[in-house]
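This briefing is intended for a reader who has the sequence and the coordinates at hand. Please consult both while reading the points below.

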Amino acid sequence: MHIDTLEKQWAQIVLGICALFVGIIMFDALIHSVNAPSNVETIDSAKLHLSEEFAEDNLGVQQDEKGNIMVRMVAGRYSFFPKKIIVPAETKITFRWVSIDVLHGVHIPMTNMSTMIVPGFVAQLDTSFPKPGDYPVLCNEYCGLGHDHMWSKIEVMEKDQWNLSHLSSADTNGVTENE
Ligand code: CUA
């Protein structure tokens, strides 16, 4: 079969671009740990407030006796709850997200946090914040008329300072509880 030289060249360019994209995805997945959430776990969205794990008192930042930090958040039209949490920088933090109503998404710039929050499922992701500061938390799935206004923020403190402030203000910023 005869293939025109120009056609061959274009085919090579297209294949090259495909290889480049696959390469970028592999690089991010393996080096930057940017992965599709693989945690498949179901939950009854209609009974979230009654369920032990996502009851209101249980939301926010918690630390177990080994020092692992877990954050539980609820997404609902049109915000993320709790409204304010404080976490340490440069520390592995496990986030568990659930939706109270419709499909939402969560994106935190400068971190690997970008996932859908599907009603009926728990979205779990490990992340860390590279440096102290305020990080916006944005909804990136269209969820209704207020979608544009669905955002919140996370306050990130110096790793060393966090332990102190966390202990002294545990009752206002989150619950400290051993699991
Ligand atoms: Cu929630 Cu868009």
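The overall make-up comes before the individual elements and residues.

This is a predicted model, in which local features need pLDDT of at least 70, side-chain atom pairs count only at pLDDT 80 or more, and totals for chains, interfaces and linings use all residues. Residues are numbered from 1 along each chain as its sequence is written. The protein has 3 helices and 10 strands, where helices (H or I, at least four residues) and strands (E, at least two) are DSSP runs numbered from the N terminus.

**Overall make-up and confidence**
- From the N terminus on, the order of elements is α-β-β-β-β-β-β-β-β-β-β-α-α.
- Of the 179 residues in the protein, 21% are buried; a residue is buried if 20 or more other C-beta atoms lie within 10 Å of its own, exposed if 12 or fewer, and partly exposed in between, with C-beta atoms placed from the backbone.
- Among contacts between residues at least 6 apart in sequence, 62% join residues at least 24 apart; two residues are in contact if their C-beta atoms, placed from the backbone, lie within 7 Å.
- The mean pLDDT (the predictor's confidence in each residue, from 0 to 100) is 86, and 89% of residues reach 70 or more.
- Over residues 168-179 pLDDT stays under 50, and the model has 20 contacts beyond four places in sequence for them. Where pLDDT is low, the predicted coordinates should not be read in detail.

**Helix H1**
- Helix H1 (residues 5-30) has 26 residues and reaches 37 Å from its first C-alpha to its last. This is close to the 38 Å expected at 1.5 Å a residue, the expected span being 1.5 Å times one less than the number of residues.
- The number of buried residues in H1 is 0, so the helix lies largely in the open.

**Nonpolar core**
- The largest nonpolar core has 27 residues, such a core being a set of buried Ala, Val, Leu, Ile, Met, Phe, Trp, Tyr and Cys residues joined through C-beta atoms within 7 Å. Met73, Ala75, Val87, Trp97, Val106 and Ile154 have the most contacts inside this core.
- At least two residues of this core come from each of strands E2 (69-76), E4 (84-88), E5 (93-99), E8 (123-127), E9 and E10. E5 gives the most, with 4 residues.
- Beyond its neighbours within four places in sequence, alanine 75 is in contact with residues including Phe80, Trp97, His104 and Val106.

- Histidine 104 has isoleucine 117 in E7 as its bridge partner.
- The hairpin has 6 residues between its strands, and methionine 110 in the turn has a positive phi of about 75°. Methionine 110 is exposed, with 12 other C-beta atoms within 10 Å.

**Loops and backbone geometry**
- The peptide bond from arginine 77 to tyrosine 78 is cis, with omega near -5°; tyrosine 78 is found in the loop between E2 and strand E3 (79-81).
- The peptide bond from phenylalanine 81 to proline 82 is cis, with omega near -5°, and proline 82 lies in the loop between E3 and E4.
- Glutamate 141 is in the loop between E9 (133-138) and E10 (151-157) and is partly exposed, with 18 other C-beta atoms within 10 Å.

Definitions and conventions
Pairing = 2+ DSSP bridges.
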